Amino acid sequence: MMPIAHPFALTHKLLIAIGTAALLTSCAPLPDHSDKPVASLRPVIWPELPDQPRFMLETTLRSPDDIRTRDETEKLRDTLIGDKPKFTPAFNKPYQVAARQGMLYVTDTKSRLVHVFDIPHRTFFRMGLRKPGTLSKPIGIALDGDGNVYVADVSARKVFVYDSLGLYLKEIGIPEELERPTGVAVNSAGTRIYVVDSGGIDTALHRVIAYDKEGHKLFTIGTRGIQDGQFNLPTLGAVAPDGTLYVLDAGNFRVQAFDPDGKFLRKWGQAGNAPGNFSRPRGIAVDKEGNVYVTDAAFDNVQIFNAQGQLLMAMGGPSEDDVKGGYALMGGVAIDETGRVYLVDQAFSKLDVIRHLSDEEGKRLMTELK
């Protein structure tokens, strides 16, 4: 199986040292914003050897300059005057992320907007700054199959909808029916929009409200509680390719699954520090195979489960230092159509891009890295 071509195929320097020919068409070097010497060009992989690698850290995004192409005039100017390009951070407090066809959207609760990395055009812009689509405190974010962007604004108590370039389209929900919308999930057709309403500690309105494409309310899932189909501070949701809705029931330390019409299907997870447990779950996403990814700010990793809740593996881990593949406050997670995983770290203000390796690539890396 050949790797999927992707806009992150910008340069090949990182992988020359590895000598893995099949990877040369798809990986980019990590932007380095520190003055620390590079200790090794050895790639960051998960799981680690002796197990076969399944994922590899591809790049890290922190600044608009990470995707911008500098022309020859700029390079010559810097050479002549001995100037070094200044680092301009993209984020203040990144939270959740969504990704599709090289378009990466990151909510920022402090900047009160959405940062957008347009990888195919190597440009960066921000959305949610202009009326009537001005954002107050964006948290959850989701994309439909047409690339429309859905942003849950917990302060405005509604969901804003934009096109892929940030043009305001419409709103879903109203403050009178939403207490504290922290998450939003949408099916590919955009015909079923689920708003996760965490309610707050002083209310029983812990629920998910479903809307149609026009924003008409269809039904409500759950109330506060610990039984199947009930929630305690639900925060986010994600829709699988088969239409299954997965809800991160954070206060109950579990994931719950529902059919498209809100019927309870199954659940998994509990509070704890063992593999498969949750402590501070922060993000949820589903890949095209139906596997469920859950980030945890206490473990600073992302755990990957199959659709039935069986733990498959984990990636990441805590780090006091801002190192490749290390995290200090894990936030959101997204999966794009190529299987790439996008992880937000709030403490280090970064967005890591992790590529899913084919079986052939994983076996080749095992040989190269021994």
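What follows is a short exchange about a predicted model of one protein chain.

Biologist: How many helices and strands are in the chain?

Modeller: The model is predicted. Of the 370 residues in the chain, 54% count as buried. Among contacts between residues at least 6 apart in sequence, 49% join residues at least 24 apart. As for the elements, the chain has three helices and 25 strands.

Biologist: Where do the buried residues of helix 3 fall, seen down its axis?

Modeller: Helix 3 covers residues 359-369, and its buried residues are Glu361, Gly362, Leu365, Met366 and Leu369. Seen down the helix axis, they fall within an arc of 140°, so they line one face of helix 3.

Biologist: Which strands do the buried residues of helix 3 pack against?

Modeller: The buried residues include Leu365 and Met366. Their partners in packing are strand 1 (45-46), strand 2 (55-61) and strand 25 (350-356).

Biologist: Is Arg254 buried or exposed?

Modeller: Arg254 sits in strand 17 (residues 254-258). Its contacts beyond four places in sequence include Val247, Leu248, Trp268 and Phe278. The relative accessible area of Arg254 is 6%, and the cut-off for buried is under 20%. Therefore Arg254 counts as buried.

Biologist: With which side chain does the side chain of Arg254 make a polar contact?

Modeller: The side chain of Arg254 also reaches a backbone atom, the oxygen of Gln230, at 2.9 Å. The side-chain partner lies at 2.8 Å, and this is Asp249.

Biologist: What is the nearest side chain of opposite charge to Asp296?

Modeller: Asp296 lies in strand 20 (residues 292-296). Asp296 is buried yet has no salt bridge. A salt bridge needs a distance within 4 Å. At 6.3 Å, the nearest side chain of opposite charge is that of Arg280.

Biologist: Which backbone nitrogens lie 2.9 Å from the side chain of Asp296?

Modeller: Asp296 touches several residues beyond four places in sequence, among them Phe278, Ser279, Arg280 and Met330. Its side chain reaches one backbone nitrogen at 2.9 Å, that of Arg280.

Biologist: Which residue takes a positive phi in the hairpin of strand 21 and strand 22?

Modeller: Strand 21 (residues 301-305) and strand 22 (residues 311-316) run antiparallel, joined by five bridges. In one of the bridges, Val302 has Met315 as its partner in strand 22. Five residues stand between the strands of the hairpin. The positive phi, near 95°, belongs to Gly309.

Terms used. Residues are numbered from 1 along each chain as its sequence is written. This is a predicted model: local features need pLDDT of at least 70, side-chain atom pairs count only at pLDDT 80 or more; totals for chains, interfaces and linings use all residues. Side-chain values use heavy atoms; hydrogens and water are left out. Buried means under 20% relative accessible area, exposed over 50%, partly exposed in between (1.4 Å probe, protein chains only). Helices (H or I, at least four residues) and strands (E, at least two) are DSSP runs, numbered from the N terminus. The arc is that of the directions from the helix axis to the C-beta atoms. Contact means heavy atoms within 4.5 Å. Lys and Arg count as positive and Asp and Glu as negative; His and the chain ends are not counted. A polar contact is a pair of N or O atoms within 3.5 Å; within protein, one must be able to donate a hydrogen and the other to accept it, and residues adjacent in sequence count only if both atoms are side-chain atoms. Two strands pair if DSSP finds at least two bridges between them.
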